[in-house]
Amino acid sequence: MLIFTAFADTANYLYENIAEWVQKEFNIYSAIVTGSGKNQTSLKGIKKNDFNSILTNFSPISKERQKGFGEIQGEIDILIATDCISEGQNLQDCDYLVNYDIHWNPVRIIQRFGRIDRLGSINDSVQLVNFWPNMELDEYINLQARVMGKMVLLDISATGEENIIEVDQTKKMNDLEYRKKQLKQLQEEVVDLEDISGGISITDLTMNDFKMDLMEYMKDNREKLDKAPMGMYAISTVQDETLKDQVRPGVIFTLKQVNQLIKTEEDNSLYPYYMVYAYDDGTVKFSYLHTKKILDFYKKLCYGNTEVLEDLVERFNGETKGGKDMYKYSQLLKNAINNIIGKKEEKGVVSLFSKGGTTIQRSLFTGIEDFELITFLIVR
């Protein structure tokens, strides 16, 4: 077992309270390496401050102990260390690493784990254990949210496999091209990860969770989806208290760009589909650049709800005269499309709501005809 801590005082504390006990109870030898000249071990035959001797007897196979320390009997099974050995050491005999404290820089955490998760390991698996501050302390220093946020950015910008502080047994290599687009989206949206109140995972910035939900649904409902007409709508209401600050009465539109010769300047992770959330007052609060946020709202508003909210439908039918007067929603849709194409259109979205047709008459408009309405969710 390799136990890392950022501070020599903490390492000394652990060694003083562990070494004698584990030797007496389990006949296990311990050692401490801090790089400050106070290195120690309970294994006989090693100079107390011999840095290399301690590491060699902790990982005898990778360090080839037989070539220089063959006379020493026994091995060191618990090594307590600071970050003085977090780089440049091959300790892959070890199969269990503990971060007794979490460094502010997530790269340090990866470097620590890299001491044992290396080519040449004789172990079938290696285990990483992280100790986080208790809740009271973390509320003060916000360590978990900051480190996990930084780890997410590191994971997105590297190979997709760097996040070693998130437990996800199903994680597979992510699509590099998609993450490239996601990075650009992060640049556009200026996500301040340190302001997030809780920890986040890589899937909080990608669509993996939604893709998995969709794949599960499509296993049994592909035919139903294939036959679904364009322009379907539903009505929902805010029941989750956590949504009330951001989710207000309005409409979430899902559109498809039918003219694929033209692309918007910004990357859209759902292209050629767009999602836009417009409030009842006409404000487009969440554009297609906030697709992940809109999908989060969608999921909390609708997921698992299979019953029609008849009172809301009855009220909607009364407001729209049974769907014949869609002026209000036409205006909201116009604002949503204007938000996408960046142009101000004076009229014409009404035809999207006409029975049997969801493509705007090409002779009337410029730009709007490039879209068709897939679905819209009315939020009450």
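**Close-up 1. Lys328 and its partner Asp280.** Lys328 counts as partly exposed, because its relative accessibility comes to 36%. In this predicted model, the side chain of Lys328 meets that of Asp280 in a salt bridge, with 3.5 Å from N to O. Lys328 belongs to helix H10 (residues 327–341), while Asp280 sits in the loop between strand E9 (273–279) and strand E10 (284–286), so the pair ties together parts that are 48 residues apart in sequence. Asp280 has 28% relative accessibility and therefore counts as partly exposed.

Close-up 2. How many salt bridges does the count come to? The answer is nine.

**Close-up 3. Lys292 and Asp296 in helix H8.** Here the side chains of Lys292 and Asp296 meet in a salt bridge, at 2.7 Å from N to O. Both residues are in helix H8 (residues 291–302), and because they are four residues apart, about one helical turn separates them. Is Lys292 buried or exposed? With 12% relative accessibility, Lys292 counts as buried, since the cut-off for that label is under 20%. Asp296, at 26% relative accessibility, counts as partly exposed.

**Close-up 4. Lys227 and Glu223 in helix H7.** Another salt bridge joins Lys227 to Glu223, and their closest N and O atoms are 3.0 Å apart. As a general point, side chains of opposite charge can pair when their charged atoms come close. The two residues are four apart in helix H7 (residues 208–227), so Lys227 and Glu223 are separated by about one helical turn. Lys227 counts as exposed because its relative accessibility is 64%, and the cut-off is over 50%. Glu223 counts as exposed too, with a relative accessibility of 54%.

Close-up 5. Where does Tyr100 lie? Look in the loop between strand E5 (96–99) and helix H3 (106–113). Tyr100 has 35% relative accessibility, so Tyr100 counts as partly exposed.

Methods: Residues are numbered from 1 along each chain as its sequence is written. This is a predicted model: local features need pLDDT of at least 70, side-chain atom pairs count only at pLDDT 80 or more; totals for chains, interfaces and linings use all residues. Side-chain values use heavy atoms; hydrogens and water are left out. Buried means under 20% relative accessible area, exposed over 50%, partly exposed in between (1.4 Å probe, protein chains only). A salt bridge is a side-chain nitrogen of Lys or Arg within 4 Å of a carboxyl oxygen of Asp or Glu.
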